[in-house]
Amino acid sequence: MAIKEWMAWEGGVDVAGFTASGLELPNLIVHVARSVHTPVGSAQAGMIFWQPEPKSAPVVAGFVCPDSMVGAYFGPKIFAGTPFEKLPALGARIEVRLQLPTSVTARVEVAGHVFEVTLTELGSTELVHRAASEPLPFAQQGVEVPAARASVKIDGKPIALTIPPIGLSGGPGAVWSPAGIYAR
């Protein structure tokens, strides 16, 4: 596989779930890392997608990062050819706290909202390799630790969230990733 685009991260906190029943795709995604490295620079970065009313437009949808150049890299480079390709880069403040071995927490301030995700009941550390496939067109390698429980607060209010056993990327729906890489 000839690699044209890549990103690497350290300290990733990922959750993708449902706040309503009967949905085909998660209506809440928080996918952030305390350090992301790209060909255009390094920063705290990730993606937020929150659509509390499934028949309405998302309240927040974009690549989050305090560095606009790094944030703008993800859509056209890593997520090209997906529904996420055209998402905007949104200025954000991101904090990832590790309370190992019991939990990890991510706090993201973006677009006037605060998202807080805490992963607990962390499982065994696993080495992963996923080939590029639908719906995400990039290969993944990394170290993952699945979480049996995820709690989410948006603007200080707890959100009831159903986490599928398999997330959008083919891994767990709630996972801490100490290190990894996406390449395409």
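This tour goes through the cavities of the structure and then some of its salt bridges. The model is predicted, so local features need pLDDT of at least 70 and side-chain atom pairs count only at pLDDT 80 or more, while totals for chains, interfaces and linings use all residues. Residues are numbered from 1 along each chain as its sequence is written, and side-chain values use heavy atoms, with hydrogens and water left out.

Start by selecting Asp-14, His-31, Leu-168, Ser-169 and Tyr-182, which lie nearest the centre of the largest cavity among its 26 lining residues. A cavity is a set of points, on a 1 Å grid over the protein atoms alone, where a 1.4 Å probe fits but cannot get out, and lining residues have an atom within 4 Å of a point. This cavity has a volume of about 310 Å³, a volume being the space filled by probe spheres set on grid points joined across faces, edges and corners.

Next select Met-7, His-31, Val-36, Ala-45 and Gly-46, the closest to the centre of the second largest cavity among the 15 residues that line it; about 130 Å³ of space lies there.

Now turn to Glu-109 and Arg-93, which form a salt bridge with their closest N and O atoms 3.3 Å apart; the term means a side-chain nitrogen of Lys or Arg within 4 Å of a carboxyl oxygen of Asp or Glu.

Finally, select Arg-149 and Glu-121, whose side chains meet in a salt bridge of 3.7 Å, N to O.

How values were computed: 1 Å grid on protein atoms, 1.4 Å probe; cavity = no way out; pocket = protein on both sides within 12 Å on 5 of 7 lines; lining within 4 Å.
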